[in-house]
There are 2 protein chains.
Amino acid sequence: MISRRGSLGVAAGALVLPAGRAAAQASALPSWREGPPRRAILDFVQATTTEGSGDFVPPAERVAVFDNDGTLWVEQPIYSQFLFVLGRVRELAPQHPDWTSREPFRSALAGDMATLAASGTRGFLELVTATHAGMTPEAFHRTVADWLATARHPRFSRPFTELAYQPMLELLSLLRAAGFKTWIVSGGGAEFIRVWSEPVYGIPREQVVGSTGKTEFRLGGDGTPMLLRLPEVDFIDDGPGKPVSIGKFIGRRPIAAFGNSDGDLQMLQYATAGLGRRLGMIIRHDDAEREYAYDRASRIGTLDKALDEAPRRGWSVVSMRAEWARIFPWSGG
Amino acid sequence: MISRRGSLGVAAGALVLPAGRAAAQASALPSWREGPPRRAILDFVQATTTEGSGDFVPPAERVAVFDNDGTLWVEQPIYSQFLFVLGRVRELAPQHPDWTSREPFRSALAGDMATLAASGTRGFLELVTATHAGMTPEAFHRTVADWLATARHPRFSRPFTELAYQPMLELLSLLRAAGFKTWIVSGGGAEFIRVWSEPVYGIPREQVVGSTGKTEFRLGGDGTPMLLRLPEVDFIDDGPGKPVSIGKFIGRRPIAAFGNSDGDLQMLQYATAGLGRRLGMIIRHDDAEREYAYDRASRIGTLDKALDEAPRRGWSVVSMRAEWARIFPWSGG
């Protein structure tokens with residue numbers, strides 16, 4: 001449902017005098033430095049939520065979509081879901097003696113990342129299906145929650161749920177206060193993200209769109225109805241798959257999109273090409289000191305075409321180094 | 001987002017004295033006659049939303065799923081989407097001269113329902129893909145809206161959007177006021193329903209799950225990004241497909257489910273088998289005078305297994321004739 005908070009927020013905003021609005025804007029997004037991206041966000045929100053403005057957008061159409069890895073939280077040195085998968089392979093290995101001699105399991109168990117990387121997407125999906133399937137969604141959620149409780153990021157030595165970017169958390173809150181619905185549209189597994197999206201981002205699990213495995217409805221041995229996760233890929237939510245899944249799950253074209261790689265290119269194109277005011281934004285990782293600097297090409301994805309298209313399509317490019325006064329909720333300003 | 005209204009509603013409810021609560025319950029669901037189904041609904045809502053109750057359910061988990069055709073609106077003498085498809089075949093026929101001699105188009109154009117019915121699901125899907133594909137979702141939405149503006153139900157001579165059941169509209173409102181999220185999970189086309197679900201039911205389009213066709217992301221001739229509907233079935237959201245799509249779109253097990261046919265059997269099983277308080281309800285069409293009486297078997301679906309399972313699973317069976325004081329918003333009480 002469209003939250004009444006949104007409408008009330010807009011109505012209240014309309015009563016604020018220009019000076020009050022300016023003061024509110026000055027205190028918004030405290031972890032964003034004054035600069036073109038912060039200005040673009042605030043202008044966009046004001047234009048789309050001010051009744052009478054030529055750019056006004058009704059609350060039901062205020063849809064903002066966010067990539068997850070590298071856009072909302074850290075994706076280096078490797079996707080957290082990949083580390084989760086490796087941990088699960090180790091946990092399950094005693095039940096699969098053949099894994100010690102069978103690729104890609106052998107490499108995963110030996111920590112031989114070079115051979116594992118050489119097995120490519122196919123190898124990774126084999127690990128995913130072997131560790132994510134054969135159980136109910138509820139049981140899978142528990143394996144994710146258990147892993148999150150103990151796993152630590154190799155560089156920051158923090159739980160992964162503490163590695164969301166503070167400026168993006170502020171942006172999510174700002175948009176929701178302005179009546180937007182915020183959605184995750186990720187190449188990662190939807191069920192992996194759904195476990196922690198609400199506590200970390202304030203995004204309920206039904207607003208998480210991502211890659212999916214097939215499931216099947218079954219009556220268990222005692223007649224208990226359940227879903228069972230199958231070892232088959234259902235949908236890879238990446239690249240041109242992102243606008244397709246947006247159409248299927250959200251059913252309308254977003255008016256704002258945030259990404260950080262070429263996997264987000266088509267989502268950015270789709271969201272920003274509609275009529276009326278739009279906001280497209282690319283997070284650029286150029287801060288080796290506070291996070292990572294990997295820019296156009298890295299082991300886990302490229303930002304190349306999207307960066308080239310940004311000026312022509314009017315997308316803001318956010319230099320983490322220049323624009324973000326603070327990176328994490330717990331790190332200094 | 002979980003609406004704050006829900007939490008506030010609960011908090012306010014907790015302050016009401018027993019007498020006030022009784023008065024509120026007496027005025028709730030005015031089109032439902034006093035009887036076991038109405039009582040079952042009110043007891044369920046009170047138990048799941050009263051903090052401190054052993055059956056209390058946090059707002060995020062208050063998910064209720066509804067079949068559409070025959071549960072929320074009239075499905076006789078035939079699904080409205082079927083009539084929409086026939087209308088589109090007639091409109092598009094001049095561009096397809098071969099249709100006058102090619103099945104199932106010939107029968108559709110000639111109004112030869114017997115031959116058309118004999119072509120079965122396969123024939124119907126051929127008509128659907130020919131009339132629903134080759135355009136953007138936005139263009140498809142316009143064809144649905146145009147049809148709804150002029151089409152009339154053959155018996156009631158009313159627009160189809162006026163044929164929602166008043167008792168179910170009251171139920172949807174009651175649940176939402178109690179902090180529930182209401183979802184449609186239909187065998188019908190998701191994009192067909194999304195055009196009118198918000199104005200008719202108060203259900204936003206992202207809470208409509210249904211059968212889908214494939215779509216593709218494209219850059220148009222002028223480089224404009226768009227989705228294009230393809231003439232291929234993506235997913236048939238019926239029977240065991242309903243719990244599967246609930247897992248995919250909602251990501252959690254509902255605690256209440258409403259249906260009217262065996263196509264809803266697995267959804268009812270899934271929703272009512274979880275731990276804690278649950279509500280399963282079957283709408284039984286037994287009122288030929290005010291609506292239709294078709295009960296266990298009709299041309300458009302059966303209610304057989306689900307009716308047999310109802311007592312064992314604790315589902316309420318709602319006789320429209322006995323339980324509903326009023327059928328439509330415009331009809332007398």
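## Helix H9 of chain A

The buried residues of H9(A) are A:Pro167, A:Met168, A:Leu171, A:Leu172, A:Leu175 and A:Arg176, where buried means that 20 or more other C-beta atoms, placed from the backbone, lie within 10 Å of the residue's own. The model is a predicted one, in which local features need pLDDT of at least 70 and side-chain atom pairs count only at pLDDT 80 or more, while totals for chains, interfaces and linings use all residues. Residues are numbered from 1 along each chain as its sequence is written, and chains are lettered from A and ligands numbered from 1 in the order in which they are written. Helices (H or I, at least four residues) and strands (E, at least two) are DSSP runs, numbered from the N terminus.

The cover over the buried residues of H9(A) includes helix H3 (36-49), strand E1 (63-66), E2 and helix H11 (197-201) of chain A; contact here requires C-beta atoms, placed from the backbone, to lie within 7 Å. H9(A) comprises residues 166-177, and because its 12 residues should span 16 Å at 1.5 Å a residue, the 17 Å between its end C-alpha atoms agrees with expectation, the expected span being 1.5 Å times one less than the number of residues. After H9(A) comes A:Gly179, whose phi is positive, near 90°.

## The sheets of the two chains

In chain A, 7 strands form an open sheet of mixed pairing in the order E4-E3-E2-E1-E5-E6-E9, with pairing defined as at least two DSSP bridges between two strands. Its edge strands, each pairing on one side only, are E4 and strand E9 (316-319) of chain A, and neighbouring strands are turned by 30° against each other on average, direction ignored. Within this sheet, E1(A) and strand E5 (residues 256-259) of chain A pair in the parallel sense over 3 bridges, and A:Phe66 has A:Phe258 in E5(A) as its bridge partner.

Chain B also has an open sheet of 7 strands, ordered E4-E3-E2-E1-E5-E6-E9 with mixed pairing, and its edge strands are strand E4 (225-235) and strand E9 (316-319) of chain B. Strand E5 (residues 256-259) of chain B runs parallel to strand E6 (residues 279-284) of chain B and is joined to it by 4 bridges, with B:Ala256 standing opposite B:Leu279 in E6(B).

## Helix H4 of chain B

Helix H4 (residues 80-92) of chain B has 13 residues and reaches 18 Å from its first C-alpha to its last, close to the 18 Å expected at 1.5 Å a residue. In H4(B), the buried residues are B:Ser80, B:Gln81, B:Phe82, B:Phe84, B:Val85 and B:Arg88, and they pack against helix H7 (120-132), helix H8 (137-150), strand E2 (181-189) and helix H10 (190-194) of chain B.

## Domains of chain A

Chain A is assigned domain 1 (4-76 + 162-323) and domain 2 (80-150), with bounds taken from an automatic or database domain assignment. Taken over C-alpha atoms, the centres of domain 1 and domain 2 of chain A are separated by 28 Å, and the contact takes 15 residues from domain 1 and 16 residues from domain 2. On the side of domain 1 that touches domain 2, the elements giving two or more residues are strand E2 (181-189), helix H10 (190-194) and E4 of chain A, with the largest share, 8 residues, coming from E4(A).

## The interface between the chains

In the contact between the chains, 33 residues of chain A meet 34 residues of chain B. On the side of chain A that touches chain B, the largest share, 5 residues, comes from H12(A).

Definitions and conventions:
Two residues are in contact if their C-beta atoms, placed from the backbone, lie within 7 Å. A residue is buried if 20 or more other C-beta atoms lie within 10 Å of its own, exposed if 12 or fewer, and partly exposed in between; C-beta atoms are placed from the backbone. Axes are lines fitted to C-alpha atoms, for helices over the stretch in contact, and angles run from 0 to 180 degrees between N-to-C directions.
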